[in-house]
Amino acid sequence: MTPGRWSRHDILDVDDWSREEFEMVLSTTEAMREVLDRPIKRTPVLRGKTVVLFFAEASTRTRVSFELAAKALSADVVNITSSGSSVEKGESLLDSVRTLQALGGDVIVLRHGSSGAPYFVADRVEASVVNAGDGWHAHPSQALLDAFTLRARLGTLSNKTVAIVGDVLHSRVARSNVHALRALGAEVVLCGPPTLLPAAWRCGHAPAGVRVETDLGRALEGVDAVMALRLQKERMSAGLLPSTREYARVWGITEARLAVTKPGAPVLHPGPLNEGVEIAAAVARGPRAVIEEQVTNGVAVRMALLYLLAGTEVPD
């Protein structure tokens, strides 16, 4: 990667990114936040470019965020969802890829329920592909907006400790956050019911710099930030939890449980929230919560990714 220029053709995962690549995205995001803070939240840098949003899995925050990001950069936007499209009639991913190629988009933003789908598409189209979430695998833009939000609050992620609590097993958000936070110098504590933690990680094979706990008190003690994960009922097999009430009783993030963290430790959640289950309403709406900041920063991060993929020089 040459100084000032992005070299990746696609954004599929962050598991092999260098710290310099993370820093480039985060610094570009700062410039995009300045655009969003203007009275007219638009810049013409992607005028004449087309961004195709192909969401084969339900989404609100991520899809709208990418659409707002593309429009803020003056790109043309084409929306494709499973509902009301040929996907609903049984069209295969390969046939959908051919349609995407024919549309002539410069960037394809893809969300799909099957892990690896963005890689399949990226191998078969000339456009750049951005993974907006694939199965249990990865959600790179979410990890980047979380890192940006945390750094804005903490000043740096070096030598900080972040607890990620909840359904780690099914969470592409957790996987991508582990890679991003570790690359930026943070330690990570993963916590949840044993049935919702990857077995290998629970048995001592977690990545370097990652600690796994099943006791929430130990996991939260002295941490600099907390991220609560949504219980992904749509991805769970039966029998992984006795009940959501039991989960809330043992692993729910409450004001009382946050007392052992660093003072004022921010609380994140990727949304949508199950209030009263993984996070208490008083926490989600309290002074520590940065959930609304995550949403706003999500637009800026996705603007940065689209901007960098367009091959434009990164501003000084």
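Helices here are DSSP runs of H or I with at least four residues, strands are runs of E with at least two, and both are numbered from the N terminus. With that in hand, we can walk through the model together.

This is a predicted model, so local features need pLDDT of at least 70 and side-chain atom pairs count only at pLDDT 80 or more, while totals for chains, interfaces and linings use all residues. Residues are numbered from 1 along each chain as its sequence is written, and side-chain values use heavy atoms, with hydrogens and water left out.

The protein chain is divided into domain 1 (3-138 + 295-310) and domain 2 (140-294), with bounds that come from an automatic or database domain assignment. Their C-alpha centres are 25 Å apart. Domain 1 brings 33 residues to the contact and domain 2 brings 28 residues, where contact means heavy atoms within 4.5 Å.

The size of an interface is often given as the accessible area lost when the parts come together. Here domain 1 and domain 2 bury about 2600 Å² between them, with 60% of it on carbon and sulfur atoms. Buried area is the accessible area (1.4 Å probe) that two parts lose on being put together, summed over both. Of the area that domain 1 buries against domain 2, 26% is supplied by Arg19, Leu26 and Trp136, more than any other three residues.

How many salt bridges are there between domain 1 and domain 2? The count is two salt bridges, a salt bridge being a side-chain nitrogen of Lys or Arg within 4 Å of a carboxyl oxygen of Asp or Glu. Glu23 and Arg151 form a salt bridge in which the closest N and O atoms are 2.8 Å apart. The interface of domain 1 and domain 2 also holds 16 residue pairs in polar contact, both residues being at pLDDT 80 or more. A polar contact is a pair of N or O atoms within 3.5 Å; within protein, one must be able to donate a hydrogen and the other to accept it, and residues adjacent in sequence count only if both atoms are side-chain atoms.

On the side of domain 1 that touches domain 2, at least two residues each come from helix H1 (19-36), helix H2 (61-72), strand S3 (107-112), strand S4 (128-134) and helix H11 (291-309). H1 gives the most to this side, with eight residues. By class, this side has 13 nonpolar, nine polar and eleven charged residues. Ala, Val, Leu, Ile, Met, Phe, Trp, Tyr, Cys and Pro count as nonpolar, Asp, Glu, Lys and Arg as charged, and the others, Gly among them, as polar.

**Salt bridges**

Side chains of opposite charge can pair when their charged atoms come close.

| Asp16 | Arg8 | 3.5 Å |

To describe their surroundings, buried means under 20% relative accessible area, exposed over 50%, and partly exposed in between (1.4 Å probe, protein chains only). Asp16 is partly exposed at 49%, and Arg8 is partly exposed at 24%. Arg8 and Asp16 are also linked with Glu21 in a network of salt bridges. In the next pair, Asp37 is exposed at 56%, while Arg33 is partly exposed at 22%. Glu67 and Lys71 both lie in helix H2, four residues apart, about one turn of the helix. Of these two, Glu67 is buried at 16%, whereas Lys71 is partly exposed at 34%.

**Details in the loops**

Leaving aside its neighbours within four places in sequence, Thr43 is in contact with Val35, Ala72, Leu73 and Ser74.

Ser74 has a positive phi of about 70° although it is not a glycine. Ser74 sits in the loop between H2 and strand S2 (76-81) and is buried at 14%. Asn159, another residue other than glycine, has a positive phi near 65°. Asn159 is placed in the loop between helix H5 (140-154) and strand S5 (161-165), and is exposed at 72%.

Finally, the peptide bond from Gly271 to Pro272 is cis, with omega near -10°. Pro272 is found in the loop between strand S9 (267-268) and helix H10 (281-284).
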